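Look at the sequence and the model, then follow the paragraphs below from rings to backbone.

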Amino acid sequence: MTSIPNLGAILSPGADPDRVALWDYAAGDPPRAWRAGELDRLAGGLARGLLKRGLKRGDSIAVLAANRAEFVALYFGAMRAGIVVVPVNWKLAAETVALIAEDADARLVFADAERAHLAPAGVPCILFGSPDWDSLPDPGPFEPITPEPDEPAQILYTSGSTGRPKGVPLSHRGQHWMVQVVSKGDNSQHRLIVAAPMYHMNALFNLKFAFLNRAQVILQPVFTAESYVKAIVDHRATWLTCVPTMMAMVANHLGDGPRPAEFDGVTRLFMGSSPYSQALVDRVRALFPNARITNGYGTTEAGAAVYGPHPDGIPTPDEALGYPIPEGETRLVARDGGIVEGVGEGILQMRNPATMRGYRDMPEKTAAALRDGGWYHSGDVVRRDENGFHYFVGREDDMFVCGGENIWPAEVERLLESHPSISQAVVVPVPDDIKQKLPVAFVTLRDGESLSEDAVKQWTIARGPAYQHPRHVFFVPAIPLAGTNKIDRNGLTKQAAELTAERKPSRS
């Protein structure tokens with residue numbers, strides 16, 4: 001039987017320990033350069049130090065911190081010792097953070113100074129940069145443990161925006177497969193920016209991908225459009241990873257001014273974790289003319305290795321998620337449970353080595369999510385075209401009914417964002433006594449543009465079914481983001497209800 005690789009061993013110095021593996025902007029600007037051997041030694045020292053402190057294989061540690069090199073070393077070092085890492089969303093309320101730490105049975109919490117107040121009482125806490133942190137590493141060689149087939153390496157928690165957060169244990173074997181299956185060719189020459197938070201699959205996946213492929217990481221503690229652009233220019237970044245909202249903010253930041261010449265060096269641009277419109281693709285392509293733009297798709301429960309290029313070389317349409325990779329399994333399921341064959345629309349289900357074995361201590365939630373022998377029911381409605389490409393339609397639970405008609409927010413948002421004056425749009429429902437729910441839009445405009453509410457309504461009525469046009473339009477300077485840099489739909493839904501209540505109802 002082939003031994004299972006330890007996920008923490010991905011952070012390896014390889015044959016060139018003196019190469020710069022990571023630039024850490026948490027240390028300031030200019031950032032600190034971490035060489036591969038230096039980062040590897042810290043990870044090994046932390047593995048030894050955690051065991052010396054009394055932790056043992058199978059124990060969990062929680063981390064409450066913005067992105068920084070020490071977080072990276074701790075993440076990989078703990079996994080080498082078989083200690084399970086629990087990165088925690090620090091944008092959650094302290095009560096929810098405490099619930100996560102308790103659910104994960106965290107033996108130790110690590111935090112940075114800015115987020116230490118969120119650390120739950122009763123669990124020992126070590127601050128990055130403190131004397132306790134400085135004394136934790138036990139320098140010396142460390143041989144990573146060989147994991148059992150389903151031994152967890154990390155536990156990621158769902159946001160909890162609609163209820164109690166669900167713990168998703170993810171194995172060494174599955175996560176290693178996920179990164180390896182998308183690693184094609186020699187990528188060691190690339191410089192890749194990671195600005196998404198490290199409590200999210202997006203950032204963790206890209207860190208593992210970069211280290212496995214000997215690429216260089218440019219690590220930012222938090223995302224801002226200004227710092228992101230500066231990092232691209234200063235490091236001549238070649239690969240960019242982001243969620244669509246981040247790239248829309250970059251485009252807005254640059255406005256109509258000249259784009260930096262260094263943008264020509266970007267050859268790949270991964271936008272994932274949420275859908276995007278053709279209008280955004282066009283704006284991004286104008287900024288990065290030499291970049292291949294990839295619509296990344298993934299879930300915490302089933303990983304990020306789902307789609308790739310077409311096996312016959314057919315170009316992937318801009319708005320498509322891609323073609324299902326042969327190494328994993330996907331299927332579309334109708335609402336009545338039947339399998340959708342050929343061209344059609346259904347709920348995406350996935351099964352592959354990265355798929356979770358179940359939520360932590362939630363058997364009922366697990367039974368709802370894992371069906372028919374381990375198929376993960378994503379809740380994402382996907383359309384398959386005649387070439388086999390998949391397209392995101394909307395979340396199964398985002399769809400709402402207006403006067404008997406189904407409305408998918410993503411479809412209306414794409415239509416709104418096709419307007420030349422609109423930068424971003426988010427559509428949410430508000431209750432209505434007659435039509436059940438009405439669509440409401442939040443809109444940001446491009447720099448220097450102006451637009452009336454009626455003009456926005458007429459744009460959608462002229463180009464789509466009248467029933468899906470937004471009955472109210474609110475212009476905002478920026479779309480609010482949730483902890484994963486995705487759009488805060490729950491917050492906007494509450495805000496829409498409050499704002500529309502102040503207006504005379506409109507059901508036209």
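Phe76 has a relative accessible area of 0%, so Phe76 is buried (buried means under 20% relative accessible area, exposed over 50%, partly exposed in between, with a 1.4 Å probe and protein chains only). Tyr75 also counts as buried, at 0% relative accessibility. This is a predicted model, in which local features need pLDDT of at least 70 and side-chain atom pairs count only at pLDDT 80 or more, while totals for chains, interfaces and linings use all residues. Residues are numbered from 1 along each chain as its sequence is written, and side-chain values use heavy atoms, with hydrogens and water left out.

There are 14 aromatic pairs in the structure. Because the rings of Tyr75 and Phe76 have centres 5.0 Å apart and planes at 90 degrees, this pair is edge-to-face. Rings of Phe, Tyr and Trp (its six-membered ring) pair if their centres lie within 6.5 Å; planes under 30 degrees apart count as stacked, over 60 as edge-to-face and the rest as tilted. Phe205, Phe209, Trp239 and Phe270 are linked into a cluster by ring pairs.

Charges also sit over rings (NZ of Lys or CZ of Arg within 6 Å of the ring centre and within 35 degrees of the ring normal). Arg115 has its charged end over the ring of Trp90, 4.1 Å from the centre.

Now the backbone. Most residues other than glycine have a negative phi, and most peptide bonds are trans. The bond from Asp29 to Pro30 is cis, with omega near 15 degrees. Asp361 has a positive phi, near 55 degrees, and counts as exposed at 62% relative accessibility.
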